[in-house]
There are 2 protein chains.
Amino acid sequence: MSDLLERLRTRGWRLTPQRRVIAEVLAGEHVHLTAEEIHARAQTKLPETGLATVYNTLNELVSLREILEVSTGEGPKRYDPNVRRPHQHLLCIRCAELRDVYPAEAPTLPASEQHGYEVLDAQITFRGLCPECRKQSPASS
Amino acid sequence: MSDLLERLRTRGWRLTPQRRVIAEVLAGEHVHLTAEEIHARAQTKLPETGLATVYNTLNELVSLREILEVSTGEGPKRYDPNVRRPHQHLLCIRCAELRDVYPAEAPTLPASEQHGYEVLDAQITFRGLCPECRKQSPASS
DNA sequence: TTGAATGCAAAGTGTTTGCACGTGC
DNA sequence: GCACGTGCAAACACTTTGCATTCAA
């Protein structure tokens, strides 16, 4: 589970209580949270945790490539602790829940469509309605 | 080209000079612009054009499904006038240029990975370096 | 001990909104 | 004529930054 903390320690990361709690929140969740949500959960464990520290820490973890920053196109970014296993995302367009999916193949862009770009990766987001939101109103976009 | 204006007129859209100019800017460009860029171009044609009006108009066109709003994950949103032909995007991670690509297949999510969602569509963004940015510094992320 | 991390509040972006004025139909 | 569009500035949501203080190593 949270070998995240292990890895960070061996990489010489300065381990403060706030950082530990933030890393725990990330590792303990299976849905991808926003900075505010991470802050709220962190504060229940350690009240003296500022929102700015949460942002600072998240940005640092992104730079260290220990988490992924995911923008849903609407509202705040979400942070994905699952960097080890390549995956794609499934987004609820109503409630913005974001979860991982593991489909078969990653698409590639034919050379004829690369237009001189050096293509590094492809990011896929499936969009739809989560089970909860389907109940409330099955259709309409 | 700009049958966009045709369609809007027949849909009973109130056609002001500002709206005409904004629609022309959208139709005339092959790269996807930000609201600021659209505003700047619109002002060269019609100086009395406010940024708020640009945002209002773009949002309205999005609701009318005459343009697409595309978030690049970093920085401002971009607006894609190409709503007729299904396509995907190629994004430069350095300069944020965004262009359309037309690869073969749209991926589908196997039922076993749908987790109770009603999947509506899939959005693919290929990420890489555009020709210009490759010149300046071919690698490093 | 000391450089790095923290909380807070202020600043920064990108976007939306309230309101008085102007205008397409 | 009048409902709707406009420009402007203020408000807004999210994120970053400056600075004095605290603390992990």
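**Between the chains**

I began with polar contacts, meaning pairs of N or O atoms within 3.5 Å, where within protein one must be able to donate a hydrogen and the other to accept it, and residues adjacent in sequence count only if both atoms are side-chain atoms. Across the interface of chain B and chain A I found 18 residue pairs in polar contact, both residues at pLDDT 80 or more.

A note on the ground rules: this is a predicted model, in which local features need pLDDT of at least 70 and side-chain atom pairs count only at pLDDT 80 or more, while totals for chains, interfaces and linings use all residues. Residues are numbered from 1 along each chain as its sequence is written, chains are lettered from A and ligands numbered from 1 in the order in which they are written, and side-chain values use heavy atoms, with hydrogens and water left out.

The largest share, 12 residues, comes from β6(B).

I then checked strand pairing (at least two DSSP bridges between two strands). Strand β6 of chain A, residues 118–129, pairs with β6(B) in the antiparallel sense over 11 bridges. In β6(B), B:Thr125 is the bridge partner of A:Gln123.

How many salt bridges (a side-chain nitrogen of Lys or Arg within 4 Å of a carboxyl oxygen of Asp or Glu) cross the interface of chain B and chain A? I found six. A:Arg127 and B:Asp121 meet in a salt bridge through their side chains, at 3.2 Å, N to O.

For buried area, I used the accessible area (1.4 Å probe) that two parts lose on being put together, summed over both. Chain B and chain A bury about 3500 Å² between them, 54% of it on carbon and sulfur atoms. In chain B, B:Tyr117, B:Glu118 and B:Arg127 lose the most area to chain A, together 20% of what that side buries.

**Between the domains**

In chain A, the domain assignment gives domain 1 (3–80) and domain 2 (88–136), with bounds from an automatic or database assignment. I noted about 580 Å² buried between these two domains of chain A, 60% of it on carbon and sulfur atoms. A:His32, A:Thr72 and A:Arg78 supply 60% of the area that domain 1 buries against domain 2, more than any other three residues.

Definitions and conventions: Helices (H or I, at least four residues) and strands (E, at least two) are DSSP runs, numbered from the N terminus.
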